[in-house]
Amino acid sequence: MKTLYPYQERVLQVLAQGRNVILVIPTGGGKTLAALLPFLQSCAFNDGTLPGKAVYVTPMRVLATQFTRTCHQLLEELNPPLIEPLRQRYAQFGRPLLSLQTGESPDDPQFESLITACTIDQLLASALGVPYSVDGARANINVGLLASAYLILDEPHLYPLNRQGQSCFGALTTTIELLRQLKDLTRFTFMSATLSRPLVEQLAQMIDAEVIEASDEELDALARGRQRVFRRVAEPLSAEQVLERHQRCSLVVCNRVERAQELYLQLDELIQERGLEIRLQLLHSRFSDEDRRRQSEELQGWLGPAAWDEKSGRYQGENVIVVATQVVEVGLDISVETLHSELSPANSLIQRAGRCARFPHQQGQVFIYSLPVDDQGQAQTLPYEPEPCQRTWEALAEYDGQVVRFQEERRLLDTVHCESDLQLLARYEEQRPHLLEKMVTSLRKPDPSVRSTLIRDDLQVALLVHDAPEEEIVTAPWQWQLFTLRPSLLQGRHWQALQERAAALGLDWVCKQAVLMDTGSGGAAQGEDDSRREPLYTWEPVTNPAQISSALVLALPQALVTYDRDLGLVFRDGRLPLPARWQQRLEGMRYQSRPLERRRAGVVSQTVSRQRYEEHIGGLADAYHYGLYHELAYALRRLEERMGLAAGTIDQAIQLALALHDLGKLAEGWQRWARAWERLYHEKKGLHYQEPAADYLFAKTTYDVRAREERQWEQELAEHRPNHACESVALARRFIVDCLGATTPASPTAPVVRATCYAIARHHTTGAHEYGAGRLAPGALEAVRRALALVQRETSSRPLNLELILPECQQGDLFPENATSGKFSQPALDLHKPLYETWLAFVMTRALRLADQRADAYR
C-alpha cells in the first residue's frame, strides 16, 4: 500500500470519529484513495466504523469507469485473508465486490455489490423512488440505499442545475438536501478540486462536515516539481493551431461531441496531407462500452505514468494527439505536454488543466481559446451559459503567460464562481421547503417526471441502433448497447433532417420507443406479479418528437445512424461534415446494437421450483443473516440511536417482515390457485404430477422465469392468482404490534410497526394499498411458527402470541388517502421533522425485497 499524505490520514481519522468530510485537494492529489481507503479498512477489519456498503458517485460515466480500475487495484493490494470472506459472501448471491451502474453499463441495477460506482443521475433517481435502473414495480428497492451506504461524492461542481444554473433545482441542490437529511444516519465524503471557498464554508455548516484541505507544505509535496503555464488565445480553436503547437503529446478538449468529431476529422486530413506520423485518438461519450475500455487502455499506455520519466519529467511515449470532450475532465490518470481547450467556466477549465503536467517534474502549457460565434455574432457557449464563460475569459487575463498552481486556481475559482455560488445557496435556502416537499411527494407516489426538476432538466435519452427491435428486444432493452444523448439532438431541425432521409430511403419509421406491455395476467394486472417474471416490452413508432424526452429507450434504424470505432455514433443526416474519404468509409458501414453480457440482480435460475412456506422463508432468513445484515447493521444502529429505540429493535422488525411477508399466500384462495397452476404446468409440459399432501402449503410454484407462453397458460385457469402482500399486513398487523410492544400510536416503537407493515405491503410493487377478503388455510399458523423459528434463530426474548394473527380478513385499504399514521401502516412523512421514519421504512423494504430475491441462492 502506498505511503499516505497527511491529509489522507486526516480523512481516516475524521471518518473514524463519526464525522463527515468535505475534501478539497488539487487534481491528481489522490482524493479517491483518501475517500476509499477508510471504507476498505473498515470492511477488512469488520470494525463497524463505516457502513457495510459504499457508493462512489460521479457526474460522468467515464469517471465511474475509471474509478473501477483504481478500486480493482486497491482490492488486489489488500491482504487476501482479510478480503476473501467478503468475496465469498457476495459470490453466494452472484455479485462481484465491485460493480458499475450507469445508463450504458447497467451492471448493478439494485446496487448490490460491496462497492458500486454510478453517476449522480442514477443515485438521485434511486433515492427519489424513480430509478432508471429497474422497472416501476421495483422502484422502492433502492431508496433505502442512501441511508445504509457510505457515499463518496466526487466532483460535485459538475452536478447539473436546471436552466443552466439559474434555478435552485437540480442534482446539486437535491444532493445537498439529501446529505442534510442523512448527515446523522450515514457517512459521506464530498470531494472536489474546484469548489469556491465560500461554497465550501457554507456547505460544511449545512451538512455538518469537516473541511480537509492540504497545507502549503502538502501542496508543494503534491506538486512534486510540476508546473503548468496558462495562455489565452483570442481566436477559436483550429486544427492548424493544434499542429503548430504540438510537440510529442497533446490533448484537445472541445465543449460538444459534434465539435470534437469535426476537429478530429480536420486533424486527420491535415496529418494525412502532410505525411505526419502522429497517432490520433477521439474520445467522447458516444462510444460503445467495448471501445471506451479500449480507448482507456490505449490512453493509459500512451499518456499514463509509465510514458513519463519520473526523475526528469520528460515524455518518453509515442507521438500522439487526443481530441476529447468533457469526459476527460475527471478520472483519467494521464498527462500531456500541451493542452488545448475551448473556453469553459473556470471550474471545468481547471479540471481539464489537471490532465496537463500531472506527473512529477513536468512542464506543461495550457492554451485556452475564445469560442466561435454564430450568425448573430454571439459566442457559441453551449453546453455552458455565456456569463460564467465571459467571467472566466476576463479573469484569465491576470494569469496569461503565468505559472498557475493550486493557490492560483482557487483564486480563479473564487473570482469566477463565488458570487454565483452564494446566489445559488441563497435561492436553495429560500426554496428549500418546496424542494423537500417535491422529494417527499416523489417518495409517497413515484412520478418519473420529478427527475426533470430534481435531477436535470436537460435530460439524457438512451438510444440503440436496430432495424427490428420489436422482434429481438422484448425484455430488458437497457441490457443492449446503448448511447445516451440530449433529446434536442433528435428534435427540431434534426428531426426534420432524419425524416427527410427516411423518406428518401423509403423507410416507414424514423424512431421507435420501448413501451412496457400489459401482460394481462391476474396478478400483474393488479400490480402484484412475481418480481422474477421479466416485464415484456413492445416498440411503438415515435410520431411526435416531443415524445422523445420521456422515452425509456429509443431505437433508430441503421439507415439513419451508424457507428464507427474511431468516430463513435454518427447520424447519417448530414449534420457532421465528412471528408470524401470518410464518406466512403461510412457509406457501406452497417452497425446494430448488440446485447451486453447479461447480469441480473441476485441469483435467479431460469426455472423456479415449488417451495413450501417454511422452506421459502428459510431462504430469506439465510440471505438476511449471512449477507444483508452485515451491509445494514450500521444503518440499523444509527436509526435506533436517532429514534430512541432499544438496540436490536429494527433487526427484530426485519425478521418479522421476513417471516410474515407472504402470510397472504397461506390463504385458502391462494393455495387453491397454486395447486391448480401446478397441475396445469405439468400438463402443458407433459410431466407426471403428484399432488402434494393436504398439509403442504405453497409459497412458490413452478415456472420458467423467461417463458412468455406461461403467462398465457395462466389465463386458462378458472380463477386468477390472488394478491397477497397487503393481505399479509391485514392478517398480521395485530401480531406485529404486539411483538414490537407498540401499545398505542404514540409508542416509541409505533414508527417501527408502520415501517414493517409498509415493507410487507409493498414488497412486490410500490403502490399496493388495497387488500381482498381471505381466510387462512388449515395449518397456516403452524407454518408461521416454524417460519419464525427459522428467521429468529432463538433470538426472540418473549413468547409469541400467534393467536393475534387474524384467521380471515375482509376487503379494505391499508393506506386510505386521508388516514393518519395511527393505523400502524403508513410511515409518517413530516416535512418539519427529520425523515428518520421514512428512511427506516425504505431500509426495511430494501432488506425484505433483496432477501426475497436471494432466497433461492441459499436453498
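Q: How far is the sulfur of Cys389 from the closest cysteine sulfur?
A: It's 14 Å from the one in Cys254, which is too far for a bond. A disulfide here is a pair of cysteine sulfur atoms within 2.5 Å. Before we go on: this is a predicted model, where local features need pLDDT of at least 70 and side-chain atom pairs count only at pLDDT 80 or more, while totals for chains, interfaces and linings use all residues. Residues are numbered from 1 along each chain as its sequence is written, and side-chain values use heavy atoms, with hydrogens and water left out.

Q: OK. How many disulfides does a search of the whole structure find?
A: The search turns up 0 disulfides. Cys809, for instance, is in none, and its nearest cysteine sulfur, in Cys726, is 10 Å away.

Q: And is Cys809 buried or exposed?
A: Buried, with a relative accessible area of 7%. Cys389 is buried too, at 2%. The cut-offs are under 20% relative accessible area for buried, over 50% for exposed and partly exposed in between, with a 1.4 Å probe and protein chains only.

Q: Switching to sheets: what's the strand order in the open sheet of 7 strands?
A: The order is 3-4-2-5-6-1-7, with parallel pairing. Strands are DSSP runs of E, at least two residues, and helices are runs of H or I, at least four, numbered from the N terminus. Two strands pair if DSSP finds at least two bridges between them.

Q: Which strands stand at the edges there?
A: Strand 3 (98–101) and strand 7 (209–213). Each has a single partner strand, so one side of each is left without a neighbour in the sheet.

Q: What does the twist average from one strand to the next?
A: In that sheet, 15°. The angles run from 0 to 180 degrees between N-to-C directions, with axes as lines fitted to C-alpha atoms.

Q: How many bridges join strand 5 to strand 6?
A: There are 4, between residues 150–154 and residues 188–192, running parallel. Leu151 stands opposite Phe188 in that pairing.

Q: What about the open sheet of 5 strands, which order does that have?
A: That one goes 16-15-19-17-18, with mixed pairing. Its twist averages 35° from one strand to the next. Strand 15 (residues 461–465) and strand 16 run antiparallel, joined by 3 bridges, and Leu463 sits opposite Phe483.

Q: Which residues does Val229 stand opposite?
A: Gln365 in strand 13, and Val403 in strand 14. Strand 8 (residues 227–233) runs parallel to strand 13 (residues 363–369) with 7 bridges, and antiparallel to strand 14 (residues 402–403) with 2.

Q: New topic, rings. How many aromatic pairs does the count come to?
A: The count is 19. Rings of Phe, Tyr and Trp (its six-membered ring) pair if their centres lie within 6.5 Å; planes under 30 degrees apart are stacked, over 60 edge-to-face and the rest tilted. One of them is Tyr90 with Phe93, tilted, at 5.4 Å centre to centre and 50° between the planes.

Q: What's the geometry of Tyr758 and Phe842?
A: They're edge-to-face, 5.6 Å centre to centre, with 80° between the planes. Tyr758 lies in helix 26 (residues 750–761) and Phe842 in helix 28 (residues 836–854), so the pair ties together parts 84 residues apart in sequence. Both residues are buried.

Q: Which ring does the charged end of Arg575 sit over?
A: That of Phe571, 4.0 Å from its centre. The rule wants NZ of Lys or CZ of Arg within 6 Å of the ring centre and within 35 degrees of the ring normal.
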